[in-house]
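Notebook open, viewer running. I'm jotting down what I look up as I go.

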Amino acid sequence: MKFSTDAIPTQTLVLEPGRIERNYWADLWRYRGLFFILAWRDLAVRYKQTFIGIAWVILRPLLAMIVLTVIFGRVAGMPSDGGAPYALMVFAAMLPWFLFAGSLSEASNSLIANAALVGKVYFPRLIIPAATLVTAMVEFMISLLILFGLMFYYQYAPNWNLLFLPAFILLALATCLGPSLWLAALNVKYRDFRYVIPFAVQFGLYISPVGFSSAAVPEQWRLLYSLNPMVGVIDGFRWCLLGDVSRLYWPGLMVSCLVAASLLWLGLRQFRRTEKAFADLI
Amino acid sequence: MSDIAISAEYLGKMYMLRHRDTAARYQTLRESLVDGVQHWWGNAARAWRGERIGNSRQEEFWALHNINFDIRVGEVVGVIGRNGAGKSTLLKVLSRITEPTRGRVRIRGRVASLLEVGTGFHPELTGRENIFLNGAILGMTRTEIQGKFDEIVAFAEIEKFLDTPVKRYSSGMYVRLAFAVAAHLEAEILMIDEVLAVGDAAFQKKCLGKMGDVAQAGRTILFVSHNMGPVSQLCHKAMLLDGGTIQCFGDVGQTIGHYLSDISLASAIELEHFKGSRRGLREFAEIKSIAIFDTNRQPTTVFGMGETLAIRLGIHCKKHVNGAIFGIMLRNSIGILIHDFRSAFDGFFPAFAPGLNVLEVTVPTLSVYPGQYTIGAWIQQQIGIASDDYVNDALKISIIDKKLLGDANANFEIISKEGAEVYHPCTWRMLSPDSE
């Protein structure tokens with residue numbers, strides 16, 4: 001964690017209009033130390049002064065899993081993927097969904113929550129929303145362990161598809177980052193998004209195949225349904241974790257990947273375009 | 001040139017001012033949409049009528065305009081000026097928080113900017129954790145912070161509370177810790193904004209001492225302040241900003257003199273509707289006005305240290321009063337009473353007549369160090385009775401070191417007063433060793 005400024009103490013810094021834009025990625029790398037510190041801070045304070053502390057990380061997805069399993073599996077009587085227990089199928093989808101929902105709501109508010117920093121210190125602003133992803137990632141990892149515990153309980157063994165999980169985690173992160181950056185940037189200027197996001201996240205839970213299998217969607221609508229990038233992510237997670245009982249719908253996955261990539265590109269572009277003005281607006 | 005630390009060429013920063021609700025800091029989406037539609041509609045209508053399409057609602061505001069300067073390595077430069085003169089904007093541009101709109105700045109060396117004490121402190125984290133967090137935010141590496149850790153803790157005097165969340169700290173401890181981290185930054189160029197405006201007097205003094213050490217160590221410092229005292233003590237040069245442009249850049253004394261003579265402080269006040277601190281029943285007397293003059297009976301608010309101050313009081317009495325006493329108070333910028341000039345001490349017991357009485361007090365030698373002071377007045381019927389009228393801080397005066405203004409006849413050198421408030425001229429002589 002060393003800034004490269006140490007190595008060349010008498011470097012010349014030039015400030016002029018448009019200059020930040022040119023050194024963008026080099027600067028981002030130089031400030032990686034701050035990225036880790038901010039991520040550590042977010043983690044350290046997350047469950048301070050809560051009674052059950054880190055247990056919330058375990059409790060939240062478990063409770064959500066129970067509710068969704070009861071409502072979709074029992075009450076609505078929707079079918080599971082192949083022979084997988086309904087609870088496992090729900091939990092496998094819950095992992096990326098919580099990652100997405102958590103990072104979206106944290107990241108989009110992160111710039112405003114750190115307004116004092118943005119207004120008083122220079123660093124690439126991208127660090128702030130990116131650092132919030134770390135917290136979401138850590139909680140994701142804990143949830144993943146719970147899933148393995150559940151699989152052990154149900155005596156359900158994964159197959160080799162599990163090896164592809166890292167690729168889908170990356171896809172999930174990309175899907176999170178794009179919209180998060182976009183909303184974070186918009187939130188600085190239009191505080192409306194503070195109210196839009198919780199609503200959107202709640203809504204997203206029902207339009208994404210979290211509580212049910214995406215196989216329940218009629219075949220002719222599936223490609224269209226995959227425009228929601230979380231569909232591809234969730235299907236991928238189920239395929240990796242539950243094995244071949246969950247068929248992967250390749251055209252849909254491609255569409256989801258494309259949508260996620262374009263969202264990431266759009267989000268980055270929007271963020272970088274407005275970043276310079278953050279200190280003046282916030 | 002290699003000895004230039006900061007060089008600015010035609011630096012400008014422009015903000016767009018919206019005429020309607022300029023106070024709103026952020027817009028809602030609705031406002032933006034409505035504005036957008038109205039704007040588009042307005043332009044379309046104007047185009048239809050054949051008028052010129054222009055944006056009538058926004059106005060350019062140049063917070064900084066054509067700023068040119070060079071600061072050499074090791075110089076300590078004070079940036080002074082009124083509120084809104086562009087001081088903070090300049091610091092924000094130089095510390096890369098916001099981009100300049102025009103021009104260019106070259107900075108050689110590692111910059112640390114301190115626009116606020118305790119930026120990024122997290123209340124839930126302990127003192128120890130916040131030292132690392134704040135250090136990283138200010139641009140220190142982890143190894144650097146570890147190396148300086150004990151020094152920081154010792155300076156802040158918080159050893160016992162190192163593992164307590166800072167939200168449980170007293171505000172004094174909080175500020176001490178925050179300043180301690182900042183003061184131990186290893187940077188070639190330091191930019192500081194009004195940091196000394198926090199903490200109690202003792203701590204301010206400590207901070208000032210630390211900044212003095214930093215300045216001695218040959219680092220380049222840019223120091224923004226409203227307080228002329230620290231600027232004159234710490235800085236070699238000063239830059240006076242006004243309306244976003246440099247009015248004066250050079251010798252610290254001359255620039256401060258320029259600034260002080262420029263402030264149009266009132267040299268007289270009618271107390272009829274005085275809004276400040278005032279007490280007393282005003283049963284027999286009421287102080288109506290206070291006015292201050294220099295040796296030549298000219299109204300002024302800037303005095304040289306050791307100069308003569310004359311004060312004229314207008315006191316309205318309801319009846320004949322004999323033996324009443326009155327006085328003039330001189331307080332320093334943090335409200336401490338430095339002088340209480342009392343008529344009775346000098347054996348002056350005037351007979352007050354009903355109606356307006358005008359009295360004049362002359363202080364032959366203003367024996368206070370340079371700084372900002374306030375003048376107040378009081379009157380009481382006799383010793384031991386509460387004041388009938390008591391007016392605090394009615395007028396403000398600046399005491400300056402006249403030598404700095406280029407007055408060759410003044411007797412005072414550049415002063416580092418170390419917290420001393422009052423000076424009195426003495427007689428000094430050298431005795432021969434064998435004299436008795």
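I started with the make-up of chain A, which has 13 helices and one strand. My helices (H or I, at least four residues) and strands (E, at least two) are DSSP runs, numbered from the N terminus. Reading chain A from the N terminus, I get the order β-α-α-α-α-α-α-α-α-α-α-α-α-α.

Before going on, a note on the source: this is a predicted model, local features need pLDDT of at least 70, side-chain atom pairs count only at pLDDT 80 or more, and totals for chains, interfaces and linings use all residues. Residues are numbered from 1 along each chain as its sequence is written, while chains are lettered from A and ligands numbered from 1 in the order in which they are written.

Next I checked burial in chain A. Of its 282 residues, 42% are buried. Buried here stands for 20 or more other C-beta atoms within 10 Å of the residue's own, with C-beta atoms placed from the backbone. I also looked at contacts, where two residues count if their C-beta atoms, placed from the backbone, lie within 7 Å. Among the contacts in chain A with a separation of 6 or more, 82% come from residues 24 or more positions apart.

Then the interface. How many residues of chain A are in contact with chain B? I get 36 from chain A, against 40 residues of chain B. On the chain A side, strand S1 (12–15), helix H3 (32–46), helix H6 (115–120) and helix H13 (278–281) each supply at least two residues. H3(A) gives the most, with six residues. By type, that side of chain A splits into 19 nonpolar, six polar and eleven charged residues. For the classes, Ala, Val, Leu, Ile, Met, Phe, Trp, Tyr, Cys and Pro are nonpolar, Asp, Glu, Lys and Arg are charged, and the others, Gly among them, are polar.

Pairing needs at least two DSSP bridges between the strands. Thr12(A) sits opposite Arg108(B) in S4(B).

On to the sheet in chain B. I see six strands in an open, mixed sheet, ordered S5-S6-S7-S3-S8-S9. Its edge strands are S5 (111–114) and S9 of chain B, each pairing on one side only. Inside the sheet, strand S3 (residues 76–80) and strand S7 (residues 220–224) of chain B are parallel over four bridges, and Val79(B) has Val224(B) as its bridge partner in S7(B).

I then followed strand S8 (residues 237–242) of chain B, which runs antiparallel to strand S9 (residues 245–251) of chain B with six bridges. Lys237(B) faces Asp251(B) in S9(B). The S8(B)–S9(B) hairpin has two residues between the strands, and Gly243(B) takes a positive phi near 55° there.

Last, a helix pair: helix H3 (residues 127–137) and helix H4 (residues 142–156) of chain B pack at about 125°, axes 11 Å apart. Axes are lines fitted to C-alpha atoms, for helices over the stretch in contact, with angles from 0 to 180 degrees between N-to-C directions. That makes H3(B) oblique to H4(B); oblique is what remains after under 35 degrees (roughly parallel), over 145 (roughly antiparallel) and 65 to 115 (roughly perpendicular). At the contact, Ile131(B), Phe132(B) and Gly135(B) of H3(B) meet Ile145(B), Phe149(B) and Ile152(B) of H4(B). I count five nonpolar, one polar and no charged residues there.

Notes: Buried ≥ 20, exposed ≤ 12 C-beta atoms within 10 Å, placed from the backbone.
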